[in-house]
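This briefing goes through one protein model by topic. Please have the sequence and the coordinates at hand while reading.

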Amino acid sequence: MVGILIAGTMLLRSQTTETVRLQDLDYRSMTQDWGSPAAAKSVDGNPLRIGGQTFAEGIGTHAQSEFVLRLNKVATGFSSTVGVDDEKDGQGSVRFVIFVYGKRAADSGVMHGNDKPKSLHVDLRNAKTLRLVVEDGGDGIDSDHADWADAKLT
C-alpha cells in the first residue's frame, strides 16, 4: 500500500501543470473595433461582470476582436468564462469563438446582455497557436462589451 501511495504521489508531481492567466500575457497585439482591451477590467474600465457575477481576472474587450497566441506546443488547455459585460445594462450581442489548429474548437453561440456566463474549454495539446475571437452578434457592434473572464492557459 505504501509503495502505491509513493508511486501515485510521484506520478502526480510529474503531471502538475502551471496555469498562466490570459491577463498576464502581452495582450497589446489584440485587435478590436472599439476601445482598448483591459486586464481584469471591462473595456470601459469597470470590474468584469457577466450575468450578475463579478470576476477578478480576465480581459475585457469589444467586438470585433481577435487575439492570437503562439503556443509552440507547450500548452495543454485553455478555459474561460465568457459573456457580455453587465456595464451595458442588457444591451449588446456577441459570439465568442476559439480556433485551434486553424479550426473552430469552441463557440459560445450568440450571447446577449444579461445572459448568464458560459464556460468554454479547449484542448491545446500539440497546438502551435490559439486564436480567440469575439464576433458581433449580427446587429452591429454597438454595446458589444465582451469579457474573457477567468481566462487561463495550462
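The model is predicted. The protein contains one helix and 13 strands, and 41% of its 154 residues count as buried.

**Overall make-up**

- Read from the N terminus, the order of elements is α-β-β-β-β-β-β-β-β-β-β-β-β-β.
- Among contacts in the protein with a separation of 6 or more, 74% come from residues 24 or more positions apart.

**The five-stranded sheet**

- Five strands form an open sheet with antiparallel pairing, in the order S2-S7-S12-S9-S10.
- Strand S2 (31–32) and strand S10 (103–112) are at the edges and have a single partner strand each, so one side of each has no neighbour in the sheet.
- Within this sheet, seven bridges pair strand S9 (residues 93–100) with strand S12 (residues 129–136) in the antiparallel sense.
- The residue of S12 that stands opposite Val100 is Leu130.

- Strand S6 covers residues 58–62 and is mostly covered, with five of its five residues buried.
- Gly58, Gly60 and His62 point one way from S6, whereas Ile59 and Thr61 point the other way, and all are buried.
- As background, side chains in a regular strand alternate between the two faces of the sheet.
- Strand S3 (residues 38–39) runs antiparallel to S6 and is joined to it by two bridges; here Ala38 has Gly60 as its bridge partner.
- Strand S13 (residues 145–153) is also antiparallel to S6, and five bridges join these two strands.
- Across from Ile59, the residue in S13 is Trp148.

**Ser80 in strand S8**

- Ser80 belongs to strand S8, which spans residues 77–84.
- With a relative accessible area of 2%, Ser80 falls under the 20% cut-off and is therefore buried.
- A polar atom of the Ser80 side chain lies 3.0 Å from the backbone oxygen of Ala149.
- Apart from neighbours within four places in sequence, Ser80 contacts Lys118, Ser119, Leu120, Trp148, Ala149, Asp150 and Ala151.

**Ser93 in strand S9**

- Ser93 is located in strand S9, one of the strands of the open sheet.
- Ser93 has a relative accessible area of 1%, which is under 20%, so this residue counts as buried.
- Leaving out neighbours within four places in sequence, Ser93 is in contact with Val84, Val110, Met111, His112, Glu135, Asp136, Gly137, Asp139 and Asp144.
- Between Ser93 and Gly140 the C-alpha to C-alpha distance is 8.5 Å, while the two are 47 residues apart in sequence.

**The largest pocket**

- A probe the size of a water molecule, rolled over the atoms, shows where empty space is left.
- The volume of the largest pocket is about 170 Å³.
- Its lining consists of Glu18, Val20, Leu25, Arg70, Leu71, Val74, Ala75, Leu153 and Thr154.
- By class, six lining residues of the largest pocket are nonpolar, one is polar and two are charged.
- Leu153, one of the lining residues, lies in strand S13 (residues 145–153).

How values were computed:
Residues are numbered from 1 along each chain as its sequence is written. This is a predicted model: local features need pLDDT of at least 70, side-chain atom pairs count only at pLDDT 80 or more; totals for chains, interfaces and linings use all residues. Side-chain values use heavy atoms; hydrogens and water are left out. On a 1 Å grid over the protein atoms alone, a cavity is a set of points where a 1.4 Å probe fits but cannot get out, and a pocket is an open set with protein on both sides within 12 Å along at least five of seven lines; lining residues have an atom within 4 Å of a point. Grid points are joined across faces, edges and corners, and a volume is the space filled by probe spheres set on the points. Ala, Val, Leu, Ile, Met, Phe, Trp, Tyr, Cys and Pro count as nonpolar, Asp, Glu, Lys and Arg as charged, and the others, Gly among them, as polar. Two strands pair if DSSP finds at least two bridges between them. Helices (H or I, at least four residues) and strands (E, at least two) are DSSP runs, numbered from the N terminus. Buried means under 20% relative accessible area, exposed over 50%, partly exposed in between (1.4 Å probe, protein chains only). A polar contact is a pair of N or O atoms within 3.5 Å; within protein, one must be able to donate a hydrogen and the other to accept it, and residues adjacent in sequence count only if both atoms are side-chain atoms. Contact means heavy atoms within 4.5 Å.
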